[in-house]
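I am opening a notebook on a structure that is new to me. I will look up its aromatic rings and then its pockets.

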Amino acid sequence: MKRKIYNQLLEWKNNKTSIKPMIVLGVRQCGKTYIIEEFCKNEFKKYYTLNLLQRTDIVDLYSGRKNSLEKYNLLKTMINFDFDEEDSILFIDEIQE
C-alpha cells in the first residue's frame, strides 16, 4: 500500500542538511502508523517502534526530573536500541501520551 506521503518521507530521509525529527499528524485510523512502519522497514537497516501507550515506563521517564542527556541515555538503555547508529531510526507512536 503506497501512499503519497511515502515520497515526502523519502525526501525527509534524504535531506542530509537536517537531523530534525518528523511529526506526522492526521485523523485517527487513517494509516499513519502503517505507512511509517513500512517506511522504516523498507528504508533503514535497523528500526525500533516505541508505542507510548504500551510503555508507560518511558512516559514516566520523561515526566521525571532528570536532565535531557540522562533521559536520552536511559531511553536507549530501556529499549535496548542505539538509534545513533548509522541507518537506524526510532519511531515513537502515540506520542500524545
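Does Phe83 count as buried or exposed? I looked up its relative accessibility, bearing in mind that this is a predicted model. The value is 17%, so Phe83 counts as buried, the cut-off being under 20%.

**Aromatic pairs**

I went through the rings next. The count is 4 aromatic pairs. I took the pair of Tyr72 and Phe83 and found the ring centres 5.5 Å apart. The planes stand at 85°, and over 60 degrees counts as edge-to-face, so I noted the pair as edge-to-face.

Then I checked where the two residues sit. Tyr72 belongs to helix α4, residues 68-79. Phe83 is in the loop between α4 and β2 (88-93). They are 11 residues apart, and the pair links distant parts of the chain.

**A cluster and a charge**

Which residues do ring pairs link into a cluster? I found Tyr6, Phe39 and Phe44. Phe44 also has Lys13 over its face, at 4.9 Å from the ring centre.

**The largest pocket**

The largest pocket has a volume of about 1700 Å³. Its lining takes in 45 residues. Closest to the centre are Pro21, Met22, Leu90, Phe91 and Ile92.

Which elements each supply at least two residues of this lining? I listed α1 (4-14), α2 (32-43), α3 (56-63), α4 and β2. By type, the lining residues divide into 27 nonpolar, 8 polar and 10 charged.

Notes. Residues numbered from 1 in each chain as written. Predicted model: local features only at pLDDT ≥ 70, side-chain atom pairs only at ≥ 80, totals over all residues. Heavy atoms only, no water. Phe/Tyr/Trp six-rings, centres within 6.5 Å; stacked < 30°, edge-to-face > 60°. Helix = DSSP H or I, 4+ residues; strand = E, 2+ residues; numbered from the N terminus. Buried < 20%, exposed > 50% of the residue type's maximum accessible area, 1.4 Å probe, protein only. Lys NZ or Arg CZ within 6 Å of the ring centre and 35° of its normal. 1 Å grid on protein atoms, 1.4 Å probe; cavity = no way out; pocket = protein on both sides within 12 Å on 5 of 7 lines; lining within 4 Å. Points joined across faces, edges and corners; volume = space filled by probe spheres on them. Nonpolar A, V, L, I, M, F, W, Y, C, P; charged D, E, K, R; others polar.
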